[in-house]
Amino acid sequence: MLRAVGAILRKDLLLELRTRESVPAMAIFGVTTLVVFHFALNRPTVEGDLAAGVLWVSFLFAAMLGLNRLFVAEEEQGGFDGFLLAPIDRTSLYVAKALALLTYLVIIELIAVPAFAILLLEPGLWQALPGLVLVLLLGDLGICAVGVLVSAIGIRTRARDLIVPLLALPLLIPVVIASVAATAPLLAQGGAEALPGRWLLTLALYDAVFAAIAYAVFDDLLED
Amino acid sequence: MHGKGLRTLAFLTALTLTAAYALVFFWTPNEADQGFVQKIFYLHVPMAIVALCGFVAGGVAGLMYLRTRDGKWDLRAYVAIHLSQILACGVLITGSIWAKASWGHWWLWDEPMLVSFLIVFLLYATYQVLRFSIEDRERQARYASVFAVVAGAFVPINFAVVRMAQSYVHPRTLGTTTGGMPSEMMLTFLIALAGMALLFVTLWKYEMASKSAGAQVRALRLRLLGDDDALPRRSAAPTL
């Protein structure tokens, strides 16, 4: 299982490194969304609730872009057939794809968070950083746990680009609620406040529950 | 096979619902704060409870399909979910009317029940889109069942998370603060709930009966004509 996950993950990252299909587009989309928010809100800076909302909506939409493309190589170039023929556990594909998506998200956050701090954020980023890293990581895990499953459902339908966001956005609303609530005090005007523990716990529980559900049903998506 | 007892069930449903709403109009007292408007409660809350239970039941049926690979379970999940969708429309409409009448707004965002119901509704609105964008019937059933399981588990989790951002506007009629409800109201509410549940079961059985009768007719025709393509399908909905 571990070796299979490692092999698929290496394949995905290598493919991304050579073709650069997803990550640059996701990063540019994330930063562009921030710029769009500046004009849509017509505010030079944001803080607190508003900052947390802007940040998470930008990440969420950038993640949707990645989700649409996550299984494209498998579907179009026969990767699914090859995978099903290999004598390995099928859920290793889920785990590997979730890790690949997590890597993409971390990369775009490394680009988008500094951009956000420079372009829009009113309070300083440094004070918020330790807490923010934790919240981002938990939120990303939630996006990955739900997103990979949705992406795998969407890839075999006729309306892939439509189904994925339609399914993923409602399923991710609890992640948005908890992440924004946990991020807002960190980005508050006049110094970061304490990290709200119960929202972190909610996020962690949500991640665990959906990872378990996805792990249990993922087999059934890959059968023909 | 699903048609058995349908007539008795339909009769019972009509009886219970008529009794419940007769009690609502002629027996239960008007609520002190909201007056007559509060009586929409006997329609709104039972519908909401039955719709949510229907979604969860759809998830259980989906799980059974994944375990047994028997098309009947997929059909059960499909019928339960789309009946619940219809009820959910009713819940959102009656909820909005009630909100307008008693709080003065058609929609309140700081209202966890309303908001989580909307999220669940939006999620399940994708069920048909997903289902009918997959051509292969076996794969359609499989994917729809995976959706039903995930969404069914999402329903209670979503309610828990949205509720954490709590407000206290919504009447907590059944929760921890039951204290306030007089016994007439409680009894009428329970009868209305039973009536709504019976209505759901009746409609569900009715549609299952219709679908399995349709499947039998198809099978008989197939034996007569020996060619399935001669029978055009009228809808993309699943059959047995």
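Visitor: What counts as a helix in this predicted model?

Guide: A helix is a DSSP run of H or I with at least four residues, numbered from the N terminus. Two such runs in chain A, H6 (91–119) and H7 (129–155), each supply at least two residues of a nonpolar surface patch.

Visitor: Which residues make the nonpolar patch?

Guide: Val106(A), Ile107(A), Leu110(A), Ile111(A), Leu137(A) and Leu141(A) make the patch, which covers about 490 Å². H6(A) gives the most, with four residues.

Visitor: Where is Leu137(A) placed?

Guide: Leu137(A) lies in helix H7 of chain A.

Visitor: Why is Leu137(A) called partly exposed?

Guide: Buried means under 20% relative accessible area and exposed means over 50%, with partly exposed in between. Leu137(A) has 41% relative accessibility, so this residue counts as partly exposed.

Visitor: How are two packed helices described?

Guide: They are described by the angle between their axes and the distance between the axes. For H7(A) and helix H9 (residues 197–221) of chain A, the axes come within 9 Å and cross at roughly 20°.

Visitor: What makes H7(A) roughly parallel to H9(A)?

Guide: Angles under 35 degrees count as roughly parallel. The crossing is at roughly 20°, and therefore H7(A) is roughly parallel to H9(A).

Visitor: Is the crossing of H7(A) and H9(A) left-handed or right-handed?

Guide: The crossing of these two helices is left-handed.

Visitor: What is the secondary structure of chain B?

Guide: Chain B has six helices and zero strands, giving the pattern α-α-α-α-α-α along the sequence. Of its 240 residues, 48% count as buried.

Conventions
Residues numbered from 1 in each chain as written. Chains lettered and ligands numbered in written order. Predicted model: local features only at pLDDT ≥ 70, side-chain atom pairs only at ≥ 80, totals over all residues. Heavy atoms only, no water. Patch = residues over 30% accessible without salt bridge, like charges linked within 9 Å, V, L, I, M, F, W, Y side chains within 5 Å. Areas by Shrake-Rupley, 256 points an atom, 1.4 Å probe, with all protein chains shown as cover. Salt bridge = Lys/Arg side-chain N within 4 Å of Asp/Glu carboxyl O. Buried < 20%, exposed > 50% of the residue type's maximum accessible area, 1.4 Å probe, protein only. Axes fitted to C-alpha atoms, helices over the stretch in contact; angles between N-to-C directions. Parallel < 35°, antiparallel > 145°, perpendicular 65-115°, else oblique. Left-handed = near helix turned anticlockwise from the far one by under 90°.
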